[in-house]
Amino acid sequence: MCGRQPHTSMHIDGSTRIVGVFGAPITHTASPAMHNAAFEALGMNWVYVPFHVEAANLRSALTGMRDMGMAGINLTVPHKVPAVGLVDNIDSEARHIGALNTIVVEDGKLRGFNTDAHGFAAALQEEFNLSLQGLRVVVLGAGGAARAIAVKCALEGATEIVIANRTVSNTEPIVREIAPRLTKCRGIGLDRPALARVIAGAKLVVNATSVGLRDGDALRLDASMFSSDQYVFDVVYRPAETELLRAAAQAGAQTANGLGMLLHQGAKAFEIWTKQKAPLAVMRRALQAAIGGDA
Ligand code: NDP
């Protein structure tokens, strides 16, 4: 599905600035296509490279990245949370979230950011013209993506957040982080009657679990649980329409997949590294081509 990327007329020389992504696994990342298209469109002598980095090697990889003069790096599974303890300073939103997906090297120091949260809010604005202020939100999942999304909802003024996760105890650290800001925040399991009740009372439902990536791996939420005045967002972008989005659309809800979030988290990282405005249209086209044109 992800296919091979077309080769561009890339020129590498002694002045080329290097950024990239550390992850394990890393073979399916669409980020190189998105960033390299942006560099090419703006005529910048930069390159974005994926690196397979095992969890045990994150510390040395980050030190090497800095010592080799790289401009910065993205982080994906399994590095987002461990990286918090390995940088010199952290942007305040990323500190609340407790996970980093972008690091910039500034004056020999590593500064960490979380652009997933920005990507989520920007995608909601773009797809639904929706701001988080005053919303009642259900977030499905309690992993790294859910944490960024739930904390962003609280920081942006959501009035109620319910975090629903297969392992209820995994919701506790997120609820603890949000509670000082918003008392109407709690964690529940995926028990269907309870979930149906909280979804009925929500304006925005977000799937931030990895469910939906594979056929047959469903949350089993059906159209009867949604209504036409709701917004349903799925962080999964491949397939373009997950079973959850199909069910929500059947009920008349407005739906969007995670492509916009992926685009906007990348655009923000681009701007942090290069201090230049990201060419969004170029990046979106490259992303769509990289993920098989099905989103
Ligand atoms: P994590 O591994 O940190 O979290 C996975 C979450 O999914 C947990 O809440 C886990 O529950 C839940 N889960 C996994 N399998 C099942 C299942 N069979 N049934 C119910 N719940 C399940 O992953 P991330 O948070 O980093 O990523 C989650 C998804 O978000 C991925 O698909 C990732 O690709 C996507 N993502 C998309 C982004 C975008 O820009 N669009 C950005 C970042 C992530 P439990 O706690 O019980 O294990």
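**Close-up views of helix and strand packing**

**View 1. Helices α9 and α10 cross in this predicted model.** The axes of α9 and α10 come within 10 Å and cross at roughly 130°. Axes are lines fitted to C-alpha atoms, for helices over the stretch in contact; angles run from 0 to 180 degrees between N-to-C directions. The two helices are therefore oblique to each other (under 35 degrees counts as roughly parallel, over 145 as roughly antiparallel, 65 to 115 as roughly perpendicular, the rest as oblique). The crossing of α9 past α10 is right-handed (the near helix is turned clockwise from the far one by less than a right angle). Helices (H or I, at least four residues) and strands (E, at least two) are DSSP runs, numbered from the N terminus.

Local features need pLDDT of at least 70, side-chain atom pairs count only at pLDDT 80 or more, and totals for chains, interfaces and linings use all residues. Residues are numbered from 1 along each chain as its sequence is written, and side-chain values use heavy atoms, with hydrogens and water left out.

**View 2. Residues of α9 meet residues of α10.** The α9 side includes Leu259, Leu262, Leu263 and Phe270. Among their counterparts in α10 are Leu280, Met283 and Leu287. Contact means heavy atoms within 4.5 Å.

**View 3. Helix α10 (residues 280-290) has a buried side.** Its buried residues are Met283, Ala286, Leu287 and Ala290 (buried: under 20% relative accessible area; exposed: over 50%; partly exposed in between; 1.4 Å probe, protein chains only). Seen down the axis of α10, they fall within an arc of 100°, so they line one face of the helix. The arc is that of the directions from the helix axis to the C-beta atoms. Cover for these buried residues includes α1 (31-41) and α9 (259-274). Arg285 and Ala289 are exposed on the face turned away. Just after α10, Gly292 takes a positive phi of about 100°.

**View 4. An open sheet of 6 strands has mixed pairing.** The order is β2-β1-β3-β5-β6-β4. Edge strands β2 (46-52) and β4 (89-90) each pair on one side only. Two strands pair if DSSP finds at least two bridges between them. β1 (residues 17-23) and β2 run parallel over 7 bridges. Arg17 stands opposite Trp46 in β2. α9 lies across β1, β2, β3, β5 and β6, at about 5° to β5.

**View 5. Strand β11 (residues 231-234) is buried on both sides.** Tyr231 and Phe233 point one way, Val232 and Asp234 the other. β11 pairs in the parallel sense with β10 over 4 bridges and with β12 over 3 bridges. Tyr231 is the bridge partner of Leu204 and stands opposite Gln254 in β12.
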